[in-house]
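Welcome to the tour! Open your viewer, have the selection tool ready, and follow along stop by stop.

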Amino acid sequence: MKNKPLAFQIWLVFAAVALGITLLLSILLPFTLRNFFTKEIYQTIESAQESHLSRGLENIPPLERFRQNQDIRVVNHILIAESEFDLRVQSQNRIPVSFLRQVKQQADQQETGLQRYTSTIGDEKIFYVIRKGEYLGTNIYLISYMWDTYREEMVNGLFRHLLMIMGVALVLTWIPAIGLARLLSRPLVQMEKHVRNIAERQWDQPITVNRNDEIGRLARSIEWMRKQLVKQNETQQNMLHHISHELKTPVMVIRSYAQAIKDGIYPKGDLSATLQVVEDEALRLEKRIKDLIYLTRLDYLSTMEPRTELIRLDELLKNVVSRFQYTRTDIQWDIDIHPVRVTGDAEQWEIAFENLIDNQLRYAASTIRITLDTISNSGEKKAVIRMWNDGPSIDDELKDRLFDKFQKGEKGQFGLGLAIVNKVVSLHAGKIHVFNRNQGVEFVIEVPVHDCDHLQD
């Protein structure tokens, strides 16, 4: 069944439910109707008895006391005085003498004045009520009865009508079920075509499903995926462009300088200065390749279990700052770092700090401020790292894409440094933000401070 079309499966479920309800009703209804009409028969018998008694027994001629009405819809009565209980009189009636003996015995044993009975005469069931009383000093017995034929006719007649109604309802249910199945499956079929087009990289056409149920949410999720793929495709195209440009330049310089040296020409005046240019470009090429490899490694590590090494984040940050402090002697450093311990990967944090501080140095005019402290927010303790420089503000449009891969700023060189920082922070369940404030730009990193008491320094 799971290999059938969804519309057929939905219709089949509706049809099976409707058919199951019909079959269940066809089994339960006869039993329920028989019980209902049995109670109605007894109530009819008792009501007929009370009607006869209300007219007075003296008004019933003796021969009428034993006469039976052949209409199965009428309550039949047998009124007998104990003194004239002559079973031979009944031999001409439909009720046999053996049954009357049984009734006489039940009446003698009956402790209440009124009691219901059921018996079988031949192949027919009979429902009767024995009412005991006294009239003119003589015990009397009023036996009122109806045949089961009446009940069966009512049950079968009503059941046939109900079966007809259920059959019509079943057919009428299946028809709209087909329409409902198609209505539910149509947007899924449309989304299947869109997903197939997306798989074939044909994602220009948006998905529009005007509904707010689960199918609508699925459609919106697929549309969000399509937009992400379009964005990713654009990013990949830009990535190929940036990689080809960034790697081509140092390779071209190295090749041209190598050819010049081979021809005995020294563009920088002498061999040593010319070779220094070749070495610088090789280092630049090496850094580009390392960043690409490391970012790919971070993507892989995001699928693995994180490391739980205990890190003195303050010492790690101080070491990185100390290595960069003398790269620009015109910069004033304002450092305020407090002891903080977190769990994670020390190598990743070191590379993240290096890339972030390198970014600060690239844009700072005269001052860089770095702080590290902890805050408590809603019972959760976090380490907060702030890096501010007095460089130019960042456009609002650029802020939203600043941490994307290959996104360059005004002085960006490759567009991977901040993407690596963002990836490292994400791997440690943290967040990074950038703000234009105090006539400069501030990067803020928040990372949870876990319970590290069980770890060793």
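Begin by selecting V168, which sits in helix α3 (residues 148-199); helices (H or I, at least four residues) and strands (E, at least two) are DSSP runs, numbered from the N terminus. This is a predicted model, where local features need pLDDT of at least 70 and side-chain atom pairs count only at pLDDT 80 or more, while totals for chains, interfaces and linings use all residues. Residues are numbered from 1 along each chain as its sequence is written, and side-chain values use heavy atoms, leaving out hydrogens and water.

Is V168 buried, partly exposed or exposed? V168 counts as partly exposed because its relative accessibility is 44% (buried is under 20% relative accessible area, exposed over 50%, partly exposed in between, with a 1.4 Å probe and protein chains only).

Now turn to the sheet. Select five strands in the order β6-β8-β9-β11-β10: they form an open sheet with mixed pairing (two strands pair if DSSP finds at least two bridges between them). At the edges are β6 (332-337) and β10 (431-436), each pairing on one side only.

Next, highlight β9 (residues 380-389) and β11 (residues 441-448), which pair in the antiparallel sense over eight bridges. Which residue of β11 stands opposite W388? Click on E442 to find W388's opposite number.
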